[in-house]
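Take a look at the model first, then read on.

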Amino acid sequence: EPFVADEYIERLAWRTPGGGSRGGEAFDPKRLLEEFVNHIQELQVMDERIQRKVEKLEQQCQKEAKEFAKKVQELQKSNQVAFQHFQELDEHISYVATKVCHLGDQLEGVNTPRQRAVEAQKLMKYFNEFLDGELKSDVFTNSEKIKEAADIIQKLHLIAQELPFDRFSEVKSKIASKYHDLECQLIQEFTSAQRRGEISRMREVAAVLLHFKGYSHCVDVYIKQCQEGAFLRNDVFEDAAILCQRVNKQVGEVFSNPETVLAKLIQNIFEVKLQSYVKDQLEEHRKSDAEQYLKNLYDLYTRTTNLSSKLMEFNLGTDKQTFLSKLIKSIFISYLENYIEVEIGYLKTRSAMILQRYYDSKNHQKRSIGTGGIQDLKERIRQRTNLPLGPSIDTHGETFLSQEVVVNLLQETKQAFERCHRLSDPSDLPKNAFRIFSMLVEFLCTEHIDYALETGLAGIPSSDSKSANLYFLDVVHQANTIFHLFDKQFNDHLMPLISSSPKLSECLQKKKDIIEQMEVKLDMGIDRTLNCMIGQMKHILAAEQKKTDFKPEDENNVLIQYTNACVKVCGYVRKQVEKIRNSMDGKNVDTVLMELGVRFHRLIYEHLQQYSYSCMGGMLAICDVAEYRKCAKDFKIPLVLQLFDTLHALCNLLVVAPDNLKQVCSGEQLANLDKNILHSFVQLRADYRSARLARHFS
């Protein structure tokens with residue numbers, strides 16, 4: 001434990017009698033001092049004793065340090081001597097090694113020519129046997145030594161090629177015959193080993209055949225046997241992938257150039273198996289069924305490229321991407337050259353059939369919209385005057401727009417875009433995608449939507465028609481939905497194919513033109529529909545509003561709150577407002593409702609000015625306008641509500657006391673109106689002729 005002086009002194013005082021630290025004892029300072037002095041002397045004695053011991057240990061340590069340093073110096077000297085001996089030994093070993101290498105070179109210089117001479121002597125001996133016409137050597141007669149015989153015959157074959165034909169024709173033919181026989185035996189041996197699954201024997205025979213001309217035939221045999229029983233299922237692509245996976249593990253153990261052998265196997269699979277399979281699948285439908293032909297072409301090409309992606313994992317040489325691309329191209333080139341023509345032809349036929357089937361289901365004979373100078377002239381006149389040219393057509397409530405037809409057309413086009421993306425050459429992709437888009441515009445936008453708009457326009461009755469079934473808003477509603485679907489396909493499926501090409505601006509312009517063209521017809525139809533709505537209101541007012549409504553015979557016996565004409569007009573307007581909201585979306589709703597509201601206000605304004613009003617009739621007119629104003633609130637358009645508020649204020653002029661006319665006219669709602677307007681309303685009062693009223697207003 002660490003030494004603490006205070007605690008030590010405290011314990012010493014506690015042990016000393018009279019130290020004052022134990023209870024009940026009197027404190028004796030002299031005795032405590034005496035004890036402290038004695039204890040200090042003891043500590044001094046102990047300190048001297050310990051100091052002498054420390055000095056003794058220090059002397060001993062210094063002595064041992066000197067002895068150790070002396071021993072280290074002796075060891076260093078011994079180490080230097082040993083290192084010198086090691087250097088001398090290393091120099092001696094190097095000298096001996098140099099002598100040995102020199103001696104080895106001399107021996108090799110003597111032995112190599114000797115070995116060559118022995119080899120040449122053996123070859124001469126074997127050559128003599130061919131020259132004599134009798135092969136006696138064991139190497140040629142013993143079938144187990146076929147490897148040695150192959151090595152010899154291969155060398156003899158090379159030598160024989162250098163000999164003149166006139167003198168050695170016979171022996172050359174014998175050597176060539178033996179060369180061919182051995183080659184066949186080796187290939188047969190390789191084939192047998194492959195069937196038995198003896199990889200080591202296959203590798204041994206393949207190494208021997210590597211120097212023979214028939215090595216490529218050995219590879220062909222290997223490839224042929226690999227494929228035996230490999231294509232038994234219906235999925236030739238999966239079979240091919242499994243086969244290549246299996247061969248890839250084995251080929252490195254058998255051949256010295258595995259990547260070349262595997263590449264040759266893949267080439268054989270593509271050019272024989274896959275090409276034959278593709279041809280069988282496509283030629284069956286090429287001329288008879290374009291739809292099935294295109295589906296098969298897309299499916300086969302996709303599966304082939306997927307197989308190619310799997311094969312990219314294997315070592316096939318330096319440029320395997322180009323190698324596999326060429327194989328795919330060799331299979332499909334004859335089908336891809338005219339792919340887009342087949343696609344466009346099928347899309348045109350299929351789209352026309354979808355439309356015709358729809359019109360047939362409606363028992364509708366599609367009428368010709370017409371083109372050329374007369375039609376263009378009619379179109380310009382109609383756009384400028386908004387007049388219906390030609391007889392009105394009763395569509396019986398049919399819009400001639402079908403979401404089912406649209407979905408079918410868009411689905412066909414979507415599949416065409418997918419095929420185009422997969423099957424088109426990258427350089428031709430934007431151009432081909434544009435052609436498909438043009439087909440979509442022709443059949444969806446022109447032949448279906450535009451035709452429905454033209455038919456809808458022709459079906460809008462004139463504004464003075466007594467009974468009008470306004471189905472054009474249904475056309476607007478469905479056309480709006482179709483536009484959204486059309487735009488979604490444009491962005492989702494066409495844009496990725498043309499986004500980085502000059503065709504992008506061309507497609508955007510074409511889309512813009514067709515939409516603007518249809519918007520003009522939609523605007524025209526909506527405008528004429530609004531005119532028809534106002535015409536219907538006019539008919540209701542003309543039929544239901546009576547002059548006596550606002551100038552009753554008995555002023556004191558008026559029981560109605562508003563006129564029957566007002567009730568029917570408001571009911572009609574509310575139905576049309578709801579229909580407009582259901583038929584459109586976004587800002588278009590507010591735009592059309594504002595236009596209808598303004599025309600509705602103008603109609604009521606002009607209608608009210610056709611009558612003369614008594615005091616009670618003026619009150620009834622105010623009630624009617626209040627009801628019209630309540631109806632105007634359904635529009636949720638501030639301008640329309642403001643117009644009816646002003647009209648309501650104007651109607652107050654019909655009932656206000658003559659003395660208060662000027663005060664009312666200078667009110668907040670009427671102060672900014674033209675004086676002629678105010679005057680025109682005051683003139684409608686039955687009592688206007690009185691000199692008093694005329695004097696007050698002037």
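## An aromatic cluster

One aromatic cluster is formed by Phe600, Tyr628, Phe635 and Phe644. This is a predicted model, where local features need pLDDT of at least 70, side-chain atom pairs count only at pLDDT 80 or more, and totals for chains, interfaces and linings use all residues. Residues are numbered from 1 along each chain as its sequence is written, and side-chain values use heavy atoms, with hydrogens and water left out.

What makes an aromatic pair here? Rings of Phe, Tyr and Trp (its six-membered ring) pair if their centres lie within 6.5 Å; planes under 30 degrees apart count as stacked, over 60 as edge-to-face and the rest as tilted. By that rule there are 15 aromatic pairs. Phe600 and Phe635 make a stacked one, at 6.4 Å centre to centre with 10° between the planes. Phe600 belongs to helix α19 (residues 587-608), while Phe635 is in the loop between α20 (615-633) and α21 (638-651), so the pair ties together parts 35 residues apart in sequence. Helices, by the way, are DSSP runs (H or I, at least four residues), numbered from the N terminus.

Phe600 and Phe635 are both buried, meaning under 20% relative accessible area; exposed is over 50%, and partly exposed falls in between (1.4 Å probe, protein chains only). Phe600 also pairs with Phe644: the ring centres are 5.1 Å apart and the planes are at 40°, so this pair is tilted.

## Charges over rings

| Lysine | Ring | Distance from ring centre |
|---|---|---|
| Lys503 | Phe434 | 4.6 Å |
| Lys511 | Phe490 | 4.4 Å |

Leu43, Met46, Ile50 and Val54 make a nonpolar surface patch of about 320 Å². Patch residues have over 30% relative accessible area and no salt bridge, with nonpolar side chains joined within 5 Å. Val54 is in helix α2 (residues 29-132), and with a relative accessible area of 34% it is partly exposed.

Gly252 lies in helix α8 (residues 236-254). Its relative accessibility is 48%, so Gly252 counts as partly exposed. The C-alpha atoms of Gly252 and Arg203 are 9.4 Å apart, with the two residues 49 apart along the chain.

Technical notes
Patch = residues over 30% accessible without salt bridge, like charges linked within 9 Å, V, L, I, M, F, W, Y side chains within 5 Å. Areas by Shrake-Rupley, 256 points an atom, 1.4 Å probe, with all protein chains shown as cover. Salt bridge = Lys/Arg side-chain N within 4 Å of Asp/Glu carboxyl O. Helix = DSSP H or I, 4+ residues; strand = E, 2+ residues; numbered from the N terminus. Lys NZ or Arg CZ within 6 Å of the ring centre and 35° of its normal.
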